[in-house]
Amino acid sequence: RGGGRGGRGPVSRGRGPSSPFPPRPERKVHPSMGKGGGGPYKHKQDFVKQRIEPGEWDADKTDPTYNPRWKNRARVMSAEDFANQPGVSFSADYASMYDAMHTEGHIYQETKENIFNDYIKMMDDMSNNDRGVTSHEYVMRVLAQKYNLSAERVGAIVQLKHNEEQIRANGGTTYDKLQEYVDAKSKEVIKSAYEAYGEVDPEQFIEDPVVHSGYYISRYPGGNPGKTVQTPDLFDLDDLTRRAIIRERDEAQLNIDNHIYIEDVDIVTQDVKLGKEAKRVLRDMPKMKEMSPTRLEDAVSFPEGGQGIAGIWKDKVDNSEGPQHRPRWKFVAKILDNEKLQQKKALKDRRIRRNLDKGTDDVLVEQDGVLRVATEEEALQTSWGPRERNVKEFTYADVKRAWIERKVRGEVGGWGRVEQRPQLEPE
């Protein structure tokens, strides 16, 4: 079975032509679902214009686009055959790359440049159309589908090209000639390796097959994908297999179509959500200040009134309203409802307790005697932030921040292709 990635999994009980059960009615597709539905694709978020196709699930089966589909001229053994091969053999090595389910690939500079150019174009188009809402998560998925890569890898490439542009903008040096040499040598080595085995060179980078990550093994109970199941002769096995494959594909497509993409927002100015108790504390702050006098006057002032030694900063300091003080600490507090907290502690299931904790909600900040709502950026720096980091968002965090600075605050030269300064001569 040489051509594809991923084999047939366990067959689910269903209704075939020879089944004693009545046939299921055909699944109806709403016209807005696009492909196969007789109408244009329509997503809940208006900036989503392209429908993402299912790829391969991750180990936890939460992301059906974790890896792209196998679209390459190179051939490897199917995941099912690879998992079912004998555990003992007369050789410690595989006879070919096909048998080892191994691929050799390299992401060439030309591909990286094309990805970055497409990224810039998509972001500008999304910003200029409709409501101007953009989403880095959506853009990475679209580019991943176009270049047959994972969304995480596309995000890393975009972040890398952003870093290179900033290095050039600051007069630094990027060794493009060295990169061309590495690309040429990599292509030569990969081609010779495939020729040695008499196999076809993939000519591009290929994501690792699913079986290498242990996903194919982990998705089956007991970790045994080769376990046999008795099936009565009343069932049409071929029809059951076909229906199981279609059902799994439809489940993945439904997951993608209902996915809500993370929109690009400025977390520096976005306030966290407040509940009833937090709003009451914020409302009663003036009364609390009357009960306890402020300590701002007791803060330690700068030496020499902030004018520096011998008054060298005298012209730069305004002491008309009194001596300059050091800035006070910033205090953060999370407002909790005691009644709900007791209910949370009484729960034995840790997962339910975790779901009751709303993370960065109900966080207040006090600084210089002023109580206010915390911003998302401030709340994320506390221990109440998300327990698990979003790997994709973290991968392209810098380039996303630069895009928001450009769009919201009009910063020039921090995002996209920038004007290159004269490079510094090596010493």
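Tutor: Before we look at the sheet, note that two strands count as paired if DSSP finds at least two bridges between them, and that helices (H or I, at least four residues) and strands (E, at least two) are DSSP runs numbered from the N terminus. The model is predicted, so local features need pLDDT of at least 70 and side-chain atom pairs count only at pLDDT 80 or more, while totals for chains, interfaces and linings use all residues. Residues are numbered from 1 along each chain as its sequence is written, and side-chain values use heavy atoms, with hydrogens and water left out.

Student: In what order do the 3 strands of the open sheet stand?
Tutor: The edge strands are strand 1 (331-334) and strand 3, each of which pairs on one side only. Strand 2 (residues 363-367) and strand 3 (residues 370-373) pair in the antiparallel sense over 4 bridges. The open sheet, with its antiparallel pairing, therefore has the order 1-2-3.

Student: At what angle to strand 3 does helix 9 run?
Tutor: Axes here are lines fitted to C-alpha atoms, for helices over the stretch in contact, and angles run from 0 to 180 degrees between N-to-C directions. Helix 9 (residues 276-283) lies across strand 2 and strand 3, and its angle to strand 3 is about 155°.

Student: How far apart are the end C-alpha atoms of helix 15?
Tutor: The expected span of a helix is 1.5 Å times one less than its number of residues, so the 13 residues of helix 15 (residues 397-409) should span 18 Å.

Student: Which helices do the buried residues of helix 15 pack against?
Tutor: Buried means under 20% relative accessible area, exposed over 50%, and partly exposed in between (1.4 Å probe, protein chains only). In helix 15, Val 399, Lys 400, Ala 402, Trp 403 and Ile 404 are buried. With contact taken as heavy atoms within 4.5 Å, these buried residues pack against helix 3 (109-128), helix 4 (136-147), helix 5 (151-169) and helix 14 (391-395).

Student: Which residues of helix 15 make the contact with helix 5?
Tutor: Helix 5 and helix 15 pack at an angle of about 65°, with their axes 8 Å apart. Helix 5 contributes Val 158, Gln 159 and His 162 to the contact, and helix 15 contributes Ala 397, Asp 398, Val 399 and Ala 402.

Student: How many salt bridges does the count come to?
Tutor: A salt bridge is a side-chain nitrogen of Lys or Arg within 4 Å of a carboxyl oxygen of Asp or Glu. Glu 188 and Lys 185 meet this way (3.8 Å, N to O), and, being 3 residues apart in helix 6 (residues 176-197), they are separated by about one helical turn. Elsewhere, Glu 113, Lys 161, Glu 164, Glu 165, Arg 168, Asp 176 and Arg 417 are linked in a network of salt bridges. By this rule the number of salt bridges comes to 29.

Student: Is Asp 284 buried or exposed?
Tutor: The side chains of Arg 280 and Asp 284 meet in a salt bridge (3.7 Å, N to O). Arg 280 is partly exposed, with a relative accessible area of 38%. Asp 284 has a relative accessibility of 18% and therefore counts as buried.
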